Amino acid sequence: YETLDSIMKQDFGGRGLLASLPASPLAAVSASLAHAKRAVLLTGFPVRMPDGSITGETDGPSGTANLAAALTAGCGVSVVTDWSSYPHLEAALRFRAPQATLIRLPEQNTDNFIRTFIRDAKPTHLISLERPGKAENGHYHSMRGEQLDDMITDSALFLSAAREASATVISIGDGGNEMGMGTFRREILAGVPHGELICPAEAADLTLASGVSNWWGWGMAALLSLHTGTSLLPTEGQECESLHRVVLAGGVDGCTKERTETVDQLPMSVHLSILRSVACLVEEHLEQEAGRLRKAISA
């Protein structure tokens with residue numbers, strides 16, 4: 001867990017938050033995921049383009065699709081997003097997790113939809129990955145402090161509705177303005193620009209931070225691999241193809257606002273180095289477990 005956490009918390013983007021955070025609760029996350037039966041994944045971070053149009057960023061879709069692919073080995077998965085990121089999730093899920101169900105949040109009567117959806121879905125887990133969180137002032141913000149309310153469908157009710165349904169809420173972010181990151185309020189206020197403005201009001205049950213939110217798609221797939229005894233990670237080729245499809249569907253880099261095959265201004269080579277480290281860690285662990293089993297059988 002310690003090694004995986006250190007891989008995830010490499011801060012290539014220099015955001016400054018990660019070094020101040022406590023160790024991620026990976027033992028608790030792993031134990032919880034082992035009992036996942038019905039998971040709702042929530043993602044989609046909007047970007048306002050120079051011409052005024054709105055689309056979704058490349059951080060979120062492929063990471064969510066990788067997590068969905070790992071979960072569908074033994075769990076029903078529904079992925080929820082809103083209009084700006086829907087085509088990007090559709091492209092990523094079609095490639096990586098076609099068994100998952102993709103749902104678009106309605107822009108009207110959203111709270112009623114969320115309550116009904118959670119009641120009917122009866123999720124054991126709600127997992128948000130790179131989804132804006134509502135701040136204490138009642139608004140959504142980018143890391144720059146830009147207000148996002150006109151760009152996003154209000155999804156804050158998911159957290160309380162999921163808890164009322166006895167679901168475990170797990171949230172993933174990288175900048176301090178994502179859903180559930182209120183867990184780290186003290187660290188966000190102390191070390192993140194605009195922290196008091198952008199920090200979400202609510203905290204998840206289990207909160208994970210990384211240099212790029214997508215990376216925890218691999219990290220959680222790694223944890224799930226421990227329970228299945230086989231690697232659930234994508235290959236490097238699959239990861240490249242997934243991002244390629246997200247960009248073809250209109251996804252943009254959230255930092256540069258350009259349609260490039262980058263995530264948070266980092267080239268694919270950086271992301272693949274993280275994936276490679278996680279894959280090596282999983283392979284090493286699975287080999288060790290296989291060795292222990294062989295010894296037990298021979299004894």
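**Pockets and nonpolar cores**

Biologist: How much space lies in the second largest pocket?

Modeller: This is a predicted model, in which local features need pLDDT of at least 70 and side-chain atom pairs pLDDT 80 or more, while totals for chains, interfaces and linings use all residues. Residues are numbered from 1 along each chain as its sequence is written, and side-chain values use heavy atoms, without hydrogens or water. A pocket is an open set of points on a 1 Å grid where a 1.4 Å probe fits, with protein on both sides within 12 Å along at least five of seven lines. The space filled by probe spheres set on the points of the second largest pocket is about 200 Å³.

Biologist: What volume has the largest pocket?

Modeller: Its lining of 20 residues has Phe 45, Glu 57, Met 143, Arg 144 and Gly 254 closest to the centre. The volume of the largest pocket is about 260 Å³.

Biologist: How many residues has the largest nonpolar core?

Modeller: A nonpolar core joins buried residues (under 20% relative accessible area, 1.4 Å probe) through side-chain atoms within 4.5 Å. Leu 71 and Met 220 have the most contacts (heavy atoms within 4.5 Å) inside the largest core. The residue count of that core is 54.

How values were computed
1 Å grid on protein atoms, 1.4 Å probe; cavity = no way out; pocket = protein on both sides within 12 Å on 5 of 7 lines; lining within 4 Å. Buried < 20%, exposed > 50% of the residue type's maximum accessible area, 1.4 Å probe, protein only.
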